[in-house]
Amino acid sequence: MKTLALLLLCSLLCYSANAKDFVLKNDKVEVAISKRGELVTLKNLTTGHNYASGGYLWRMYYDTKAEQEIEIVGGDSKPQVECDGKRIVLNYDKLVVRGKCEPIKLQLTISLEGENVRFASKVENDIENSVVRELQYPLVRKVNLPADHKLITSRSGGCIYENPRQIIMAKGNKIPYRTPAQIFRQLDCRYGATASMNCYILAGEKQGLYVGSHDALIQDTWHGLRLYADKDKKFTELEFGLFKYPQCFKGEKWQNDSNIISPYTGTWHKAADKYGKWVRASWWDYHEAPQWIREMKSWQRVIFKHQYGNYLFKYSDLYGRMQKAGESVDADAVFAFGWWKEGMDRGNPAYTPDDTQGGDEGWRKAIAKFKKSGQKLIMYYNGQLIDTESEFYKSGEGKRISYKGPSGTEIADQYRFSGLGSWLAEYQAVTFVMADTRHQVWRDMLVEMADRAHRNGANAVFYDQLGIGFQQKLPWSTKLGYAVPNNRLIYDKGQTLKYLRDYLEKKYEPDFGYGTEQLADYTAQWVDFVHITGIRHGKENFSELFRYTFPEIIFSDRNIRDDTDIERRVNLTLLKGLCNDIEIYRCRSLIDETPKYQAYLAKVNAIRNKYTDCLMLGTFRDVLGFENSNAKVQAKGFFGAKRVAVVATNEFDKGVLTTSIKVPGYRFVEASTLGNAKVAEGGKSVALGQYDVAVLVFEKE
């Protein structure tokens with residue numbers, strides 16, 4: 001009876017009865033909220049499809065000293081709901097937690113902006129000695145998803161999954177023992193770590209659902225992709241949403257108005273345009289990369305000396321065997337790792353000159369000889385790791401400016417490279433801590449690294465690991481006795497990259513290049529090129545998401561390390577306009593040891609040279625702007641100033657596919673092919689066996 005009375009009290013405090021749903025509607029979208037605060041309608045009025053089927057709109061989690069992640073479920077509290085025709089406002093004066101009213105105020109506001117539905121929130125925490133950690137809002141529960149809808153995430157530039165439920169079930173909760181896997185399965189994807197854009201898409205052929213956080217504060221945002229167990233304990237109930245992290249203490253207020261869900265009409269490009277338009281209207285500040293980087297087809301990524309002291313290459317190999325290997329495939333650059341005395345992934349941030357090879361003077365002379373071939377040199381540094389054996393760390397400076405974890409201790413990382421035995425990786429891995437790049441001490445060191453690269457004659461400086469934050473490796477501080485993470489790590493790294501760009505642009509010639517590793521939109525805008533991580537190959541790869549949204553950003557492929565599966569993987573770089581990363585045997589060898597790769601890449605790069613104006617300097621428009629009569633043929637368009645090149649290939653079908661490619665307003669002029677591809681006279685048709693490629697070129701009429 002006591003619990004019932006408390007629930008009744010909360011209902012009186014939080015709820016004003018209304019017999020009907022609260023509705024917002026324009027000519028594109030309809031949204032309806034029930035008197036209980038449930039999302040009953042999220043309808044595309046052009047197609048008539050309603051993605052919602054009821055269910056609460058939000059979840060919240062807070063910590064006390066005694067317990068963490070105390071859950072508050074939206075359906076347990078009843079709001080006062082108001083609608084003035086322009087917005088729906090849900091006010092919760094108190095929230096029900098385990099049958100008890102707790103003094104947390106929550107206001108949710110829903111408004112329409114064309115196809116976009118904006119979900120704003122305000123939190124006011126008045127629970128003694130507590131912190132509101134997480135707000136999951138908006139949630140679309142038990143999603144009514146059409147059969148043709150695929151899931152597109154921005155992980156590593158883009159991934160696509162034919163069956164959203166299936167992929168969440170297959171990849172969710174990777175270690176079930178550590179999670180409440182009996183309740184839900186979750187596909188991990190966080191902007192600020194694995195996601196390169198702060199959005200994802202449920203895409204059908206003619207309509208879809210765009211979910212994006214238009215957050216100018218560049219905060220961590222979890223892309224909520226979950227399957228919940230139904231009454232039969234089968235994971236069938238699909239839920240999508242966005243999760244934010246208020247870190248709202250007793251007596252504090254927090255608000256956010258950045259979350260957007262849009263039932264759109266058209267292809268997935270319509271959704272990508274929404275995100276791209278918002279970015280360009282808010283914080284985008286990209287400067288065009290040097291011409292040689294825009295034309296860069298391939299680099300050779302090579303480790304000179306490894307962390308266990310073994311020389312894989314010497315400086316003389318740079319202008320000897322490396323130069324010849326690069327010339328054999330028309331690679332544009334050598335991406336030099338491990339050129340310093342300590343060797344790769346060791347000694348940071350000292351990068352001591354290798355006196356056995358003449359120190360920096362010997363390195364400078366080797367680079368000068370190499371550059372006479374016309375190839376470029378990209379000089380590597382790590383942008384955040386501090387070797388715990390380095391003098392910088394032992395002196396105390398490294399400890400002072402390193403990330404601290406929730407308990408105040410340093411966050412450590414290890415790179416378990418091995419030699420030919422088992423000892424090193426198992427027992428003697430090099431240990432690092434991570435520098436907080438906001439510190440001026442560290443930024444000054446990064447500047448000196450660039451200066452040193454320039455003094456030694458490098459064409460570009462590269463900083464590893466500055467492109468994204470790291471999953472579970474955030475800097476923490478302490479507030480009111482609670483550990484609080486930095487949920488804007490990607491913003492901080494972006495600001496460090498901007499600091500470096502501003503310095504380089506003022507001090508050095510425009511052709512001096514600048515790159516980082518790991519792809520995210522906010523950080524990529526400050527550099528000339530990005531070395532990607534985690535890229536998918538095969539049917540999951542959807543690099544076209546990032547390439548289409550931000551065609552000016554130059555980024556690489558990765559993981560082609562040997563002589564297997566060459567045609568398909570190299571075709572991917574040509575089809576989607578990626579820079580080819582040559583990393584033979586994990587950067588321990590050169591492409592002259594993989595003859596199949598060497599021969600095929602030479603052919604692909606010859607085509608890229610032939611049509612540089614389109615394939616390298618043109619704008620990637622995915623499948624827009626031209627017609628492809630056979631959907632089984634993968635075809636992508638690159639629009640130059642005067643010409644268009646369409647790359648067509650057959651990746652998945654073992655038979656011969658035939659298609660017709662037409663570009664309205666342009667006439668066919670020529671084609672180049674690989675494999676047994678055949679282009680009919682006048683470009684009227686293209687025949688492609690598996691892994692064949694045709695590049696068709698059109699000029700304006």
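These legends describe close-up views of one predicted model. Residues are numbered from 1 along each chain as its sequence is written, and side-chain values use heavy atoms, with hydrogens and water left out. In this predicted model, local features need pLDDT of at least 70, side-chain atom pairs count only at pLDDT 80 or more, and totals for chains, interfaces and linings use all residues.

**View 1. Four strands form an open sheet.**
Helices (H or I, at least four residues) and strands (E, at least two) are DSSP runs, numbered from the N terminus. Two strands pair if DSSP finds at least two bridges between them. Strands of a sheet pair through backbone hydrogen bonds, either parallel or antiparallel. Here the order is β1-β2-β3-β4, and the pairing is antiparallel. The edges are β1 (22-25) and β4 (49-50), and each of these pairs on one side only. Look next at β2 (residues 29-33) and β3 (residues 39-44): five bridges join them. V29 has N44 of β3 as its bridge partner.

**View 2**
A disulfide is a covalent bond between the sulfur atoms of two cysteines. Surroundings are described by relative accessible area: buried means under 20%, exposed over 50%, and partly exposed in between (1.4 Å probe, protein chains only). C189 is buried, at 2%. Another cysteine, C83, is partly exposed, at 32%.

**View 2. Two tryptophans, W278 and W283, meet edge-to-face.**
Rings of Phe, Tyr and Trp (its six-membered ring) pair if their centres lie within 6.5 Å; planes under 30 degrees apart count as stacked, over 60 as edge-to-face and the rest as tilted. The structure holds 45 aromatic pairs. For W278 and W283, the ring centres are 6.0 Å apart and the planes stand at 85°, so the pair is edge-to-face. W278 is buried, with a relative accessible area of 15%. W283 is buried too, at 11%.

**View 3. Charged side chains sit over the rings of F652 and F639.**
A charge sits over a ring if NZ of Lys or CZ of Arg is within 6 Å of the ring centre and within 35 degrees of the ring normal. K539 lies over the face of F652, 5.2 Å from the ring centre. R621 places its charged end over the ring of F639, 5.2 Å from the centre.

**View 4. A salt bridge joins R141 and E239.**
Side chains of opposite charge can pair when their charged atoms come close. A salt bridge is a side-chain nitrogen of Lys or Arg within 4 Å of a carboxyl oxygen of Asp or Glu. The whole structure has 50 salt bridges. In this one, the N to O distance is 2.6 Å. R141 lies in the loop between β13 (130-140) and β14 (150-153), and E239 lies in strand β21 (residues 235-244), so the pair ties together parts that are 98 residues apart in sequence. Both R141 and E239 are buried.

**View 5. E397 and R400 pair within helix α8.**
The closest N and O atoms of this salt bridge are 2.9 Å apart. E397 and R400 are three residues apart in α8 (residues 397-400), so about one helical turn separates them. E397 is partly exposed, at 27%. R400 is partly exposed, at 46%.

**View 6. Helix α14 is mostly covered.**
R569 forms a salt bridge with D562, the closest N and O atoms being 3.3 Å apart. D562 is partly exposed, at 27%. Elsewhere, salt bridges that share partners join R301, R561, D581 and E583 into one network. Just after α14, G577 takes a positive phi of about 70°.

**View 7. T594 is buried in a loop.**
The loop runs between β35 (580-582) and α15 (595-610). T594 has a relative accessible area of 0%. Contact means heavy atoms within 4.5 Å. Leaving aside neighbours within four places in sequence, T594 is in contact with D562, D563, I584 and Y585.
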